[in-house]
Amino acid sequence: MSVYDDPVFLAGYRGLRRDGLGLNSALEIPALTAMLPPVGGLRVVDLGCGEGELAVRIAAAGAASVTGVDLSASMLSRAREHVSVRYVQADIADFDLPAGSVDLVVSSLALHYVEDFDGLVARIARWLSAGGRFVFSIEHPVITAPLEAADLVIDDYFDEGLRQRSWFVDGVQKYHRTVSSLLMTLCSRGFSLLAVDEPQPTATQVESHPHLAIHRRRPALLLVAAARVA
């Protein structure tokens with residue numbers, strides 16, 4: 001079961017999004033949107049699509065087809081209100097598609113939940129058409145690194161693997177990897193890096209939303225765009 005199907009977690013997450021206290025609207029959505037290629041006519045898969053916001057935006061921009069994949073029944077129940085996208089309930093850790101069947105794979109703040117990143121990247125490379133793109137955002141490794149969350153304290157950065165966090169509920173599982181490990185995995189699986197971003201809020205954003213101030217002191221997000229080498 002996905003942690004997003006836990007009623008306590010889901011209520012906390014939806015409250016965070018509703019009240020604008022997360023990073024999505026201020027940082028992640030603009031940065032990820034800027035990395036996407038023109039999607040007109042493309043076959044697109046959104047891994048960890050949640051309630052479908054990104055998938056719906058891509059469909060509205062003219063994609064030929066959009067498939068959203070998520071393990072959470074609760075998230076998909078709301079996502080399926082958007083009929084422009086096909087949704088599949090599946091664990092992205094083992095989800096698979098035919099070779100060459102996709103032109104663009106996107107993922108928004110989901111891949112830090114996947115244990116076998118190398119295996120997933122290998123599958124994505126197989127799904128993509130020649131020159132197809134993989135664009136994703138994750139929690140920055142300086143966030144997933146500490147065993148104990150502490151302001152600006154980074155510990156055990158080079159020890160990759162499972163981290164358990166308290167976020168609305170105890171025992172939320174995420175997987176920590178170094179920046180170099182993430183990028184070199186892509187390269188080893190036949191991808192060419194196109195862009196890397198660590199977005200930060202502007203001074204004006206911080207003035208309007210003081211809770212964003214910490215994210216000018218250290219990066220919260222890492223975004224990557226890569227293309228499958230033909």
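Leu162 lies in strand E6 (residues 161-167); strands (E, at least two residues) and helices (H or I, at least four) are DSSP runs numbered from the N terminus. The model is predicted, so local features need pLDDT of at least 70 and side-chain atom pairs pLDDT 80 or more, while totals for chains, interfaces and linings use all residues. Residues are numbered from 1 along each chain as its sequence is written, and side-chain values use heavy atoms, without hydrogens and water.

Leu162 counts as partly exposed because its relative accessibility is 39% (buried is under 20%, exposed over 50%, partly exposed in between; 1.4 Å probe, protein chains only). Beyond its neighbours within four places in sequence, Leu162 is in contact with Gln173, Lys174 and Tyr175 (heavy atoms within 4.5 Å). Phe117 is 45 residues away along the chain, and the two C-alpha atoms are separated by 12 Å.

An open sheet is formed by 7 strands in the order E3-E2-E1-E4-E5-E9-E8, with mixed pairing (at least two DSSP bridges between paired strands). Strands E3 (86-89) and E8 (191-197) stand at the edges; each has a single partner strand, so one side of each is left without a neighbour in the sheet. Twist averages 15 degrees from one strand to the next (axes are lines fitted to C-alpha atoms, for helices over the stretch in contact; angles run from 0 to 180 degrees between N-to-C directions). Strand E2 (residues 65-70) pairs with E3 in the parallel sense over 4 bridges. Asp70 has Gln89 in E3 as its bridge partner. Helix H5 (residues 117-127) packs on the sheet, and its direction makes about 145 degrees with that of E5.
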